[in-house]
Amino acid sequence: MVNRRGFARRMAATVPVLPALASMVEGGQAGGTATPPPGRGPMDGSPVGDMLPGQKWRVHDRNRTQPRKVTPGEPIPTSSAPSDAMVLFDGKDLSQWNGRGRGGVAGPPGWKVENGYIELVPRTGSLVTKDSFGDVQLHLEWMTPAGEDASRVGQFRGNSGVILMGHYEIQVLSSYNNPTYPDGSAGAIYGLYPPMVNPCLPEGQWNSYDIGFEAPRFEESKLVKPAYVTLFFNGVLVHNRMALLGTTSREPIAAYTPHPAELPLVLQGHAGPARFRNIWIRRLRGYDA
Ligand code: MG
C-alpha cells in the first residue's frame with residue numbers, strides 16, 4: 001500500500017497536475033491528476049489508516065459498506081442567495097477568490113469561468129476565498145462533466161472538494177456509478193464519515209450541497225469544541241451535525257491543529273474534472289443576533 005506522499009508523487013509523475021499539492025496537504029487529500037496510470041482500480045488512492053473511534057472501520061477502509069443509493073427529489077435545491085448571504089460566485093467572475101498553488105503560494109485564480117460555472121483547471125492549484133469564515137451555512141452546486149476518460153475510476157474521477165476553513169473536506173467526486181472507499185465518495189467527510197446514503201446524480205447533472213458548519217474552538221492550543229458538519233446532498237440529509245476528529249487530510253487519522261477562528265473556504269484543486277456554480281455563504285451569528 002503506497003502512503004499518501006507516495007501516492008501524490010506517483011500521480012504527479014504520471015499525469016498533468018499538481019502545483020496544488022502542498023496546499024492540499026493543509027486541507028484535503030493530497031494528489032491531483034488528469035489521467036491515472038494503467039491498471040488503477042476503483043479502490044486506489046490514499047492509504048488505509050487507523051481505526052475510527054466509535055466505528056468498526058478504518059480510515060479509507062476498502063471493505064466498508066457502500067452508501068445506499070437514493071434518488072433525490074426534484075428539483076434539487078438550487079435557490080439563489082438569501083439577502084444576508086455573501087455571494088461567492090454568481091456565474092460571472094472569480095472576484096471573491098484567490099488561487100493557491102504549490103507551497104500555499106497565493107496568486108490569481110487559475111480556474112476558468114464559462115457558461116455560468118467555474119471549472120477546475122488541473123495544475124493551477126486550489127481556489128481560496130478572499131474572506132475568512134467560521135460558523136457558516138454554505139450552498140453550492142457542482143457536477144462532474146460527462147464524457148470523461150472511462151479509464152479514470154475511483155478517486156481519479158471527478159475529484160475536487162469543499163474544504164471548510166482549509167482543513168475540513170467534504171468530498172466532491174463522481175459517485176453516481178463510481179465506487180471507491182466509502183469515506184472518500186461524494187458527500188463524505190473525507191476519511192471520517194461516508195454520506196449516510198448516496199444521492200449523487202449522474203455525470204453531466206448538477207448536484208447541490210447545503211452545509212451547516214460549526215467551526216472548532218480552541219483555547220490556547222487546546223481543543224474545547226470540535227467542528228460539526230451537517231450536509232444536505234441534493235436535499236437529502238447525509239450528515240447530521242457530525243463531530244469531526246480534526247483536519248481531514250491528516251494521516252493515519254484526522255487530528256486537530258489549532259488555527260484562527262476564521263479561515264478561508266477552499267475548493268480543492270485535485271484530479272477533476274469538476275464544475276461549480278451558485279456559491280453563497282452566510283455567517284451564522286447565533287440567536288438574538
Ligand atoms: Mg477531494
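First, the ground rules. The model is predicted, so to speak of local features I need pLDDT of at least 70, and side-chain atom pairs count only at pLDDT 80 or more, while totals for chains, interfaces and linings use all residues. Residues are numbered from 1 along each chain as its sequence is written.

The overall picture. The protein has two helices and 18 strands; these are DSSP runs numbered from the N terminus, with helices being H or I of at least four residues and strands being E of at least two. Of its 289 residues, 47% are buried, meaning 20 or more other C-beta atoms lie within 10 Å of the residue's own, with C-beta atoms placed from the backbone. Contacts are pairs whose C-beta atoms, placed from the backbone, lie within 7 Å. Among contacts between residues at least 6 apart in sequence, 68% join residues at least 24 apart.

Now the strand pairing, which requires at least two DSSP bridges between two strands. Strand E18, residues 275-283, runs antiparallel to E2, residues 86-89, and three bridges join them. There, Met86 sits opposite Ile281. E18 also pairs antiparallel with E6, residues 117-119, over two bridges, and Ile118 of that region faces Phe276 in E18. With E8, E18 forms seven antiparallel bridges; Met143 has Arg275 as its bridge partner in E18.

Next, the core. A nonpolar core here is a set of buried Ala, Val, Leu, Ile, Met, Phe, Trp, Tyr and Cys residues joined through C-beta atoms within 7 Å. The largest one holds 53 residues, and Val229 and Phe276 touch the most other members. Strand E8, residues 136-143, gives the most to this core, with five residues. Leaving out residues up to four places away in sequence, Val229 touches Tyr168, Ile170, Ile189, Ile211, Phe213, His239, Met242 and Leu244.

Last, a loop residue. Leu173 lies between strand E10 (168-172) and strand E11 (197-198). Is Leu173 buried or exposed? Leu173 is buried, because 27 other C-beta atoms lie within 10 Å. Beyond its neighbours within four places in sequence, Leu173 is in contact with Arg157, Gly158, Asn159, Thr180, Ser185 and Ala186. Gln155 is 18 residues away along the chain, and its C-alpha atom is 7.2 Å from that of Leu173.

Conventions. A residue is buried if 20 or more other C-beta atoms lie within 10 Å of its own, exposed if 12 or fewer, and partly exposed in between; C-beta atoms are placed from the backbone. Two residues are in contact if their C-beta atoms, placed from the backbone, lie within 7 Å.
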